[in-house]
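Subject: Structure for your review

Dear colleague,

Please find the structure below, handed over for your review. My notes on what was found in it follow directly after.

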Amino acid sequence: MFSNSKSQFLRNLAFASAALVLAGCTTTPTTTRVAETTAAPLAGTALTLEQMYSTRDYSPRGVPPTRWLADGSGYTTLEAAEGAGRDLVRYHPETQQRTVLVSAQELMPRGWDEPLAVADYHWSEDASKLLIFTNTKRSWRTHTLGDYWVFDLTTRRLSQLGTFAEPSTLQFAKFDPAGTRVAYVMQNNIYVERLSDGKITQLTTDGDDTIVNGTFDWVNEEEFFLRDGFRWSPDGESIAYWQLDTEGTPIFTMINNTDTLYPTLKTFPYPKVGETNAAMRIGVMPADGGETTWMKVPGDPRQHYLVRMQWAGNSEQLFIQQLTRSQAVNRAFLANADNGEVAEVVRETTESWAEYVDDVQFIDNGDAFTWLSERSGFRHLYRIDRDSGRATAITRGKWDVVEVLQINEEQGWVYFIASPDTPLERYLLRASLDGSGKLERLTPAQAGTHGYQLSADAQYAVHTYSSAQQVPQIDMISLPDHQRIRMIQDNAEVQARIDDLAKGEFEFFQVSARDGLALDGFLMKPANFDPNKEYPIVFYVYGEPWGQTVSNSWGGERFLWHTYLTQQGYIVASIDNRGTRSPRGYDWRRSIYKNLGVVTVRDQYDALQAMLERWSFIDADRVAIWGHSGGGSQTLNALFRYPDAYDVGIALAPVPDLTLYDTIYQERYSGLLPEAAESYRETSAITHAANLQGDLLLVHGTGDDNVHFQGSERLVNELVKHGKQFEFFAYPNRTHGINEGEGTTLHLRTMMTDFLREHLPLGAQPQ
C-alpha cells in the first residue's frame, strides 16, 4: 500500500505550484525555503533521497518463486542463465546439489529471439510438467491476467495454452490431478484444455460483463482475497466454481485525462457502504462439460458472502464458508456435489465480525477437519468432528496462532507461526494434532521475525529472517533442529550499508492508554541526539485492523525514509493502537468495532501524552503525524480531533468519509446502514474537518480504484467551506500505492520532506 519517495527539495517550484492548482489545491504552496539547520557532522553515512530511490544500494534482494517438489527431491527456483532468460534449477534439500531441470533456451518458443519472461510457475503433481505464467497484466489490483505455457519434461516440448485467445487474457490456469489437462478462465468463462492433442472444451458460456464465472469482482478480490474461483475435484472428474452476478451493483467511473488527446473512462462495479453487492453462488459441473449443479446454500445471495470453498477431503462433497453481510456470523457447510444439498457443520457467532478460515484440512480419513477459532478469546487451532461438530482444542494459551503453515497428519504435527511471549515477533512452533497440548518452539532464540516455506515432509524449510535493523536473510534449514544447510541470500552488502548509516538509538517501548491498556511503540532518535535538548517528533500511523506498524521486522523503504528524517534532526515514532493486526487476542482486535477514528486516535493521543511525560527531549510544540490509506484516515482524525496536540499532518490516499469505501471492508468494522448511520457520521474524519488548526498536506492519486479520489475531493470542499487553509496534491492516474510513473516515489517523499521542514521546524532546542 505504500509508495516510496525522496527527501531533496522540489527543484521547480513554479511547476509544483501549477500542478497543485490543477489538482484542486486550496492553498498555493509557499515558495519560501526553510534554511538547513546547522548541526554537528553525522557519525556515519548520510542518506540522500536520490540514492534511496534512484539506486538499489539499500534494497535487499529476495529470491524468485521457489517451489518444493512433492516427492521430496528438493526445491526449484529460477536463476539467471548464461545468456538471456532464467534457468529453472533444482537444489537437493540436504546436499544442495544443483541441477538445471529446464534451461532458459528450452523456454524459448519457436521463432522467438528470447526466452519467456517467467512471472510464476507451478508443477504438475508428478512434476513431469511445468506450467508457466508470463506476459502478465492487471485485472483489478493484481496481475492475474496473462499467457500460459506448458513444458513437458519428458518430451522437452513447450506449448502455449489458449492460442485462440487474445494475448494476456487467461487467468488461474492449473493442472488436473493427473496432469493431463489444464483448466483456466478467459473473459469470465471456464475452459479445459487437453494436453495430449490441444482439444479445448468451454465449460461455461454465460460469462459476460455481469455474469462472472471462475473469478471475482473488484470488492471480493480486494477484501476476501478471492481471485482464483474454481477447484478441480481430487479425482479430476468435476470442477467446482463460483459464479457472481454483478447486475445491480452500482458502477464507479474514473477519468483518465492524460494518456490520450481526449479523456477516457474506466468503469467497474464497486459497491460502497449500503449499496447492492453481487449475488454469489457455487456450482459443480463435469470437467468434460455438462450441466451445473448449484449448491443450495441458504440465505439471500446478495446479503451473504461465500468466502471460501474447497473439496471436503473427497470428490463427493464441498466445504463452503458463508458470512452474513454484517460478517458477525460464519457458517460452514458440507454440500453434496451431486444434488446440492447442504448441512451446517460449524458456526462462529460474534457481536462484531467473525473470521473466515483459510486452509481447512480434513484428517482422520475425512472424519474430522481443522479449524481456527477465537472462541477462547485467542485464535487457536481446533479439530472439528465431521458428524457431530464437536470441537477439540489443538493449541491453547493466552496467545494467537498467526498463520498455519502445514498440517502433517502422518507425523502428527501442525506447524504454525506464533509469538507467545511478545506480539512484536514471529516464530515457528509445532503442536501435536492429538490435542494433548504438546507444544514445541522450533525457531531458536533469535529476536526478530521468522518466516518459513516448508517442504512436504516438514524436514526442510526456506527460512527468512529479519529484525528492525536487520535486512532479510534467506537460508535453507533442516527441521526440527533448525540447522542451516545453505545461505541462499545473505544481503551482506546491503546490510553493511545499513550498518554504516548515521543513526541514533532505536528502541521498542510501551506506554499506557487512559484505561491502563499497554500500547506498543518504537522510537528512533536523531543521529546527533542530545538528551538535554528538545526535538520535533514525527509519528507514523496506520491504526486500522489490517496493519501492525510496531514489529521487530525489517521496515524496508519506510524505515529508510524515517532514518533519513532522524539524520535531519527529527525523532520518529509509531504506536500500535488497539484494533491493529497485532496477535494480542480477540478483545484487542474487536475493541474498535464501530469506533474507527475514535478510540484508535484516542490511543494515539494518549500515547503522545505519556511519551511527553516520560521523555523531556520531545518538544510538545513540534508534533507531526503521517500515514497512508487507513493511516491517512487516522492522520486526519488526529488533526481534527486533537488540534491542540498535533501541529502537522500528511495524509496519503485517506478515506475521509467512511461511507465512500467498499461494503466488505467498511461494513465489517463499522456496521450496516441505516442503523449505524450515526456511527458512520461520528467516526468519519470529514465530520470534524472544521476543527483543523495545524498544517495539512493531502495527497491522492486520481486513478485510485481502491480508495477513491472522490473522498479527498469531498474533504477539500469541506475544508474550503470552513475557511481552512491546507495543501493538496493530486497525482494523475496513480493508483492506491501512488508509485506508478518514473520519478513518482522520489517526488512524493521529497514533497513530504519539504512539507515537514517548512511546517515542523528543525533544530534541537534547550529544555
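A charge is taken to sit over a ring if NZ of Lys or CZ of Arg is within 6 Å of the ring centre and within 35 degrees of the ring normal. Arg375 meets this description, lying over the face of Tyr382 at 5.3 Å from the ring centre. A second case is Arg584, which lies over the face of Trp588 at 3.9 Å from the ring centre.

Please note that this is a predicted model. The protein chain has a mean pLDDT of 93, and 95% of its residues reach 70 or more. Residues 1-38, however, have a pLDDT below 50, and this stretch makes 107 contacts in the model beyond near neighbours in sequence. Where pLDDT is low, the predicted coordinates should not be read in detail.

Tyr382 belongs to strand S26 (residues 380-385). This strand is mostly covered, with six of its six residues buried.

S26 pairs with strand S25 (residues 368-373) in the antiparallel sense over six bridges. Within that pairing, Leu372 has Leu381 in S26 as its bridge partner. The two strands form a hairpin with six residues between them, and Gly377 in the turn has a positive phi of about 100°.

S26 is also joined to strand S27 (residues 391-393), by three bridges, and these strands run antiparallel. Here Tyr382 stands opposite Ala393 in S27. S26 and S27 form a hairpin as well, with five residues between them and with Gly389 in the turn at a positive phi of about 80°.

Other strand pairings

Strand S22 (residues 329-336) and strand S23 (residues 342-349) are antiparallel partners over seven bridges. Ala335 has Val342 in S23 as its bridge partner. Five residues lie between S22 and S23 in their hairpin, and Gly340 in the turn has a positive phi of about 80°.

S32 is joined by six bridges to strand S33 (residues 460-467), and the two run antiparallel. Gln453 has Val462 in S33 as its bridge partner.

Aromatic pairs

How many aromatic pairs does a search of the whole structure find? The search finds 39. In one of them, the rings of Phe224 and Tyr305 have their centres 5.2 Å apart and their planes at 70°, so the pair is edge-to-face; the cut-off for that class is over 60 degrees. Phe224 is in helix H3 (residues 218-224) and Tyr305 in strand S20 (residues 304-311), so that the pair links distant parts of the chain, 81 residues apart. Phe224 counts as buried at 0% relative accessibility, and Tyr305 counts as buried at 2%.

Phe509 and Trp615 form another edge-to-face aromatic pair, at 5.0 Å centre to centre and with 85° between the planes. Phe509 lies in strand S36 (residues 506-512), while Trp615 lies in the loop between helix H7 (599-614) and strand S40 (618-628); the pair therefore ties together parts that are 106 residues apart in sequence. Both Phe509 and Trp615 are buried.

One aromatic cluster is formed by Trp140, Trp218, Phe252, Phe268 and Tyr270.

Leu698, in strand S42 (residues 695-701), is buried with a relative accessible area of 0%. Its C-alpha atom is separated by 7.9 Å from that of Ala653, which is 45 residues apart from Leu698 along the chain. Not counting residues up to four places away in sequence, Leu698 touches Ala651, Pro654, Ser712, Leu715, Val716, Glu727, Phe728 and Phe729.

Gly283, in strand S18 (residues 279-286), is likewise buried, with a relative accessible area of 0%. Gly283 and Lys296 are 13 residues apart in sequence, and their C-alpha atoms are 9.3 Å apart in space. Leaving aside neighbours within four places in sequence, the contacts of Gly283 are Ile239, Ala240, Tyr241, Thr292, Thr293 and Trp294.

Yours sincerely

Note on methods. Residues are numbered from 1 along each chain as its sequence is written. This is a predicted model: local features need pLDDT of at least 70, side-chain atom pairs count only at pLDDT 80 or more; totals for chains, interfaces and linings use all residues. Side-chain values use heavy atoms; hydrogens and water are left out. Rings of Phe, Tyr and Trp (its six-membered ring) pair if their centres lie within 6.5 Å; planes under 30 degrees apart count as stacked, over 60 as edge-to-face and the rest as tilted. Helices (H or I, at least four residues) and strands (E, at least two) are DSSP runs, numbered from the N terminus. Buried means under 20% relative accessible area, exposed over 50%, partly exposed in between (1.4 Å probe, protein chains only). pLDDT is the predictor's confidence in each residue, from 0 to 100. Contact means heavy atoms within 4.5 Å. Two strands pair if DSSP finds at least two bridges between them.
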